[in-house]
Amino acid sequence: MTPRRLALVAGAVAVSTALAGCSVVDGLRGQGSARPSVSVSPQSPPPGTQGLDRFYSQQLAWTGCSGAECAQLTVPVDYAQPTGATIEISVLRVPAKKSGQRLGSLVVNPGGPGGSGVDYARAADFIVGKDVRNRYDVVGFDPRGVARSSPIDCLSDAGLDAFLGADPTPDDAAEEQQFSAGAAGFAASCAKNAGPLLAHVSTEDAARDMDVLRAALGEEKLTYLGKSYGTYLGATYAELFPQQVGRFVLDGVVAPDLTSAEINLGQAEGFERATRAWAQYCVSEGDCPLGDSVDSVMEGLRGFLADVDASPLPKTGDGSVPALTEGWASLGIAAAMYDQGAWRTLVDAMTDAVDGDGTALMQLADQYADRNPGGGYAGNIMEVIYAVNCLDKPESDSVPEHQALADAAAEKAPTWGRYLAWSSLPCGSWPFEPTNEPHEIRAEGAEPIVVIGTTRDPATPYEWSVRLRDQLAKASLISFDGDGHTAYTRSNSCVDDAVDGWYVDGKLPKDGLRC
């Protein structure tokens with residue numbers, strides 16, 4: 001089996017902490033009528049959406065769900081066949097706190113692909129500034145194929161455990177062939193189990209759904225916050241519907257013209273930078289179990305992963321994964337790179353792991369994978385990430401080509417290069433041809449778009465934000481000199497004030513603002 005590309009989800013650790021104690025099932029169960037909210041009239045379809053009137057004219061039936069409001073949005077499975085089969089998209093709205101000063105709806109997406117916008121919107125108090133929370137309904141949706149919106153399901157829980165725990169860095173020809181067979185097997189399982197929607201879960205499909213949602217919310221223009229992969233979704237929307245772009249913020253950018261190989265290499269370099277920053281923290285704490293300098297910690301970490309590859313570590317608790325493998329250890333380490341608030345947790349977990357106990361590091365991996373502590377998965381992001389990526393970008397099935405990429409990546413990112421270079425191989429065997437190719441997006445005719453980049457972002461390197469800003473016809477770049485994945489509402493008032501001013505007052509941040 002093979003590893004997966006590291007997820008492009010904003011603040012994975014922080015958001016899951018904010019949602020602790022909230023039941024996903026209870027959150028969507030109807031609990032009487034919704035709280036009074038502003039009534040809206042759906043908008044007419046924009047140009048180029050012929051035959052979709054029945055979708056654009058629909059009224060959302062909101063019902064109460066644990067302090068929020070929930071509804072189902074009907075969309076076609078195939079936008080080229082609008083009279084054909086349909087699916088329901090799950091939507092959650094947290095009404096503005098000051099309804100008398102309401103500015104409209106703010107649609108949010110946390111990334112992935114495969115992150116739940118429903119769960120993200122439910123954390124409205126944590127993901128937007130106070131003034132924004134007061135003035136906007138915060139609206140999230142589970143994109144098609146995700147969580148509650150006709151979820152893609154490729155593997156059993158046990159199969160997914162094996163997939164994620166498998167050797168992610170083949171060392172010889174035999175392991176490479178085993179890796180290739182696992183990649184093809186994953187793709188075949190998706191073709192067998194995921195159903196006809198598998199051919200229609202591209203980012204373009206999700207962007208078209210988002211415009212139907214805009215109309216159903218009664219908004220002439222879409223106000224949007226996209227983080228991580230959500231920036232790719234937002235840029236795609238801006239390309240398709242430039243006249244419907246309102247106040248957009250794209251934080252932690254995936255530039256749409258990146259190839260699959262460029263994404264893998266960029267993430268490898270990003271995680272290498274972030275891991276070195278963690279190594280410096282580890283040394284500064286005075287109790288680092290891997291060394292007493294940044295270089296020695298990085299060398300010690302690579303040695304640890306090699307040792308775990310040869311001899312998985314025992315762990316306690318959940319018996320469905322009996323030991324910590326290199327695959328699981330890599331995910332646990334990666335999880336802590338998304339938010340520097342988890343760096344101390346990783347130091348402690350690595351201390352236990354060096355002493356022979358993989359339990360704490362496995363707990364970090366569980367959190368990353370949206371895996372329940374006792375086994376089983378709370379969501380399907382680990383499968384959706386392939387279902388979407390494989391339609392969005394072409395990928396080779398050549399083992400020698402991936403080996404060459406792995407060698408080149410390891411030169412630039414010794415710790416993460418091989419892991420990431422191999423991660424996209426399942427797309428080379430995907431049952432459906434890609435529906436898109438890497439290309440620049442200018443979004444001519446759209447309102448200015450605010451782009452945010454974090455200098456030591458592991459998952460979406462800062463350079464990608466600069467790249468998209470340079471391509472967009474009208475954009476303003478905010479640069480945050482900091483650690484962790486994405487910037488808004490994470491740690492910096494300079495970023496937060498600039499974004500809040502854009503959403504609430506329409507004050508466009510100065511292009512080139514540095515925070």
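**Strand β13 and its surroundings**

Modeller: Leu477 in β13 is the bridge partner of Val451. Helices (H or I, at least four residues) and strands (E, at least two) are DSSP runs numbered from the N terminus. The model is a predicted one, in which local features need pLDDT of at least 70 and side-chain atom pairs count only at pLDDT 80 or more, while totals for chains, interfaces and linings use all residues. Residues are numbered from 1 along each chain as its sequence is written, and side-chain values use heavy atoms, with hydrogens and water left out.

The pairing of β12 with β13 is parallel and extends over seven bridges; two strands pair if DSSP finds at least two bridges between them. Between these strands the chain passes through helix α19 (residues 462-471), and the β-α-β crossover is right-handed, that is, clockwise from the first strand over the helix to the second when the strands point away from the viewer. β14 is likewise paired with β13 in the parallel sense, over two bridges, and Ile478 stands opposite Leu513 of β14. Here the chain crosses from β13 through α20 to β14, and this β-α-β crossover is left-handed.

As to burial, eight of the nine residues of β13 are buried, so the strand is largely enclosed by the rest of the structure. Buried means under 20% relative accessible area, exposed over 50%, and partly exposed in between (1.4 Å probe, protein chains only).

Side-chain links also involve this region. Asp481 and Arg456 form a salt bridge in which the closest N and O atoms are 3.0 Å apart, the criterion being a side-chain nitrogen of Lys or Arg within 4 Å of a carboxyl oxygen of Asp or Glu. Arg456 belongs to strand β12 (residues 449-456) and Asp481 to strand β13, so this pair ties together parts that are 25 residues apart in sequence. With a relative accessible area of 28%, Arg456 is partly exposed.

A second salt bridge joins Arg490 to Asp339, with 3.4 Å between the closest N and O atoms. This pair links distant parts of the chain, 151 residues apart: Arg490 is in the loop between β13 (475-483) and α20 (493-505), and Asp339 is in the loop between α13 (326-337) and α14 (343-354). Asp339 is buried, at 14% relative accessible area.

Cys494 and Cys515 have their sulfur atoms 2.0 Å apart, and a pair of cysteine sulfur atoms counts as a disulfide within 2.5 Å. The torsion about their S-S bond is about -55 degrees, so the disulfide is left-handed. Cys494 lies in helix α20 and Cys515 in the segment after β14 (513-514), so the two tie together parts that are 21 residues apart in sequence. Cys494 counts as partly exposed, at 28% relative accessibility.

Another disulfide, with S to S 1.9 Å, joins Cys390 to Cys427. Cys390 is in helix α16 and Cys427 in the loop between α18 (417-422) and β12, so parts 37 residues apart in sequence are tied together. A torsion of about -80 degrees about the S-S bond of Cys390 and Cys427 makes this disulfide left-handed. Cys390 counts as buried at 1% relative accessibility, and Cys427 counts as buried at 11%.

With the bonded cysteines numbered in sequence order, the pairing is 1-2, 3-4, 5-6, 7-8, 9-10. A nonpolar core is a set of buried Ala, Val, Leu, Ile, Met, Phe, Trp, Tyr and Cys residues joined through side-chain atoms within 4.5 Å. The largest such core has 124 residues, of which Trp278, Trp328 and Leu361 touch the most other members. Helix α16 gives the largest share of this core, nine residues. Apart from it lies another core, of 32 residues, including Trp502 and Cys65.
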